[in-house]
Amino acid sequence: MTAVYLYDLEAAPPDAALAERLPRWRRERYDRLRNEAARRESLGAGLLFAYAMRRRGISPEEPIQELPAGKPVFARREDVFFSLSHSGRYVLCAVSGAPVGVDVQQIRPVRLSLVRRFHPAEQAWLEDRPEEERQVALFRLWTRKEAWVKAVSGDHFVSLSEADVIHPLQGLLFRDYEVPGGYHASVCAAEGELPEEIQQIALSELSAI
């Protein structure tokens, strides 16, 4: 089964001292960052990754490699897959026994012309929404698209126009989540069961790993 975990950075900002607990590959990323907001997001994502792995019975220090398209995967395991995302106050981590992708976005005014890069069927779907619903609908589409890209990319880059993620795709499942504070999240996975709800994890749980 796929598990999806959420951590609210705003409700409980992680202390920089917790960087000592990051897995090596996440610590290397964290140390390269100079922007404080980016460091906070990276720290939260790394701690959530470590928590999710331990819940799965896997050491967070398992070697990681990047596939040609930039996707991080375990170098010596083919039974566990993961995906990370962060936006504003939240970081999100999905863990699955098959390829998985997750995305979270803060709903905000953006140009609808963004979808010109998407599949024609997706563009038509958005145009069919009532005008007052289109901004929210756009973020449902956007997070699904990002989750799909993360799930299926690997040895090659995929095009945003390559697939329609609003309608059923063979071999893949999608689920959408409303996240408190005006955020939307989506998960895409290649295994059979997706959780009905995201599990929100407290800082005390992350700090105890």
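Helices here are DSSP runs of H or I with at least four residues, numbered from the N terminus. The model is predicted.

Start with helix 2, residues 36-55. Just after this helix, glycine 57 takes a positive phi of about 80°. The expected span is 1.5 Å times one less than the number of residues. With 20 residues, helix 2 should span 28 Å, and its end C-alpha atoms are 29 Å apart, so the two values agree. How much of helix 2 is buried? Of its 20 residues, 14 are buried, which leaves the helix mostly covered.

Now look at the other end. Asparagine 35 sits in the loop between helix 1 and helix 2. At the start of helix 2, a side-chain oxygen of asparagine 35 comes within 2.9 Å of the backbone nitrogen of alanine 37. Is asparagine 35 buried or partly exposed? Its relative accessibility is 47%, so asparagine 35 counts as partly exposed. The cut-offs matter here: buried means under 20%, and exposed means over 50%. For a sense of scale, take serine 204, which lies 169 residues from asparagine 35 along the chain. The C-alpha atoms of these two residues are separated by 25 Å.

Next comes the pairing of helix 2 with helix 1. Two packed helices are described by the angle between their axes and the distance between the axes. Helix 1 covers residues 24-32. The axes of helix 1 and helix 2 come within 9 Å and cross at roughly 175°. Helix 1 is therefore roughly antiparallel to helix 2, since angles over 145 degrees count as roughly antiparallel. Which residues make the contact? Helix 1 supplies Trp25, Arg26, Arg29, Tyr30 and Asp31. Helix 2 supplies Arg39, Ser42, Leu43, Ala45, Gly46 and Phe49. By type, the residues of this contact divide into five nonpolar, two polar and four charged.

Leaving out residues up to four places away in sequence, valine 91 touches Tyr5, Leu6, Tyr7, Leu9, Glu41, Gly44, Ala45, Leu48, Ser85 and His86. Tyrosine 30 is 61 residues from valine 91 in sequence and 14 Å away in space, C-alpha to C-alpha.

Two serines in strands come next. Serine 83 belongs to strand 4, residues 81-87. At 5% relative accessibility, serine 83 counts as buried. What does its side chain reach? A polar atom of the serine 83 side chain lies 3.0 Å from the backbone nitrogen of valine 102. Beyond neighbours within four places in sequence, serine 83 is in contact with Leu92, Cys93, Ala94, Val100, Gly101, Val102 and Lys150.

Serine 186 lies in strand 8, residues 183-189. Serine 186 counts as buried, at 1% relative accessibility. Its side chain makes a polar contact with the side chain of aspartate 176, at 2.8 Å. Not counting residues up to four places away in sequence, serine 186 touches Gly101, Val102, Asp103, Arg140, Thr143, Arg144, Ala147, Arg175 and Asp176. Gly101 and Val102 are among the contacts of serine 83 and among those of serine 186.

Finally, turn to two loop positions. Arginine 21 lies in the loop between strand 1 (3-8) and helix 1. Its relative accessible area is 39%, so arginine 21 is partly exposed. Phenylalanine 74 is 53 residues from arginine 21 in sequence and 19 Å away in space, C-alpha to C-alpha. Serine 113 lies in the loop between strand 6 (100-106) and helix 3 (120-128). At 33% relative accessibility, serine 113 counts as partly exposed.

Technical notes: Residues are numbered from 1 along each chain as its sequence is written. This is a predicted model: local features need pLDDT of at least 70, side-chain atom pairs count only at pLDDT 80 or more; totals for chains, interfaces and linings use all residues. Side-chain values use heavy atoms; hydrogens and water are left out. Buried means under 20% relative accessible area, exposed over 50%, partly exposed in between (1.4 Å probe, protein chains only). A polar contact is a pair of N or O atoms within 3.5 Å; within protein, one must be able to donate a hydrogen and the other to accept it, and residues adjacent in sequence count only if both atoms are side-chain atoms. Contact means heavy atoms within 4.5 Å. Axes are lines fitted to C-alpha atoms, for helices over the stretch in contact, and angles run from 0 to 180 degrees between N-to-C directions. Angles under 35 degrees count as roughly parallel, over 145 as roughly antiparallel, 65 to 115 as roughly perpendicular and the rest as oblique. Ala, Val, Leu, Ile, Met, Phe, Trp, Tyr, Cys and Pro count as nonpolar, Asp, Glu, Lys and Arg as charged, and the others, Gly among them, as polar.
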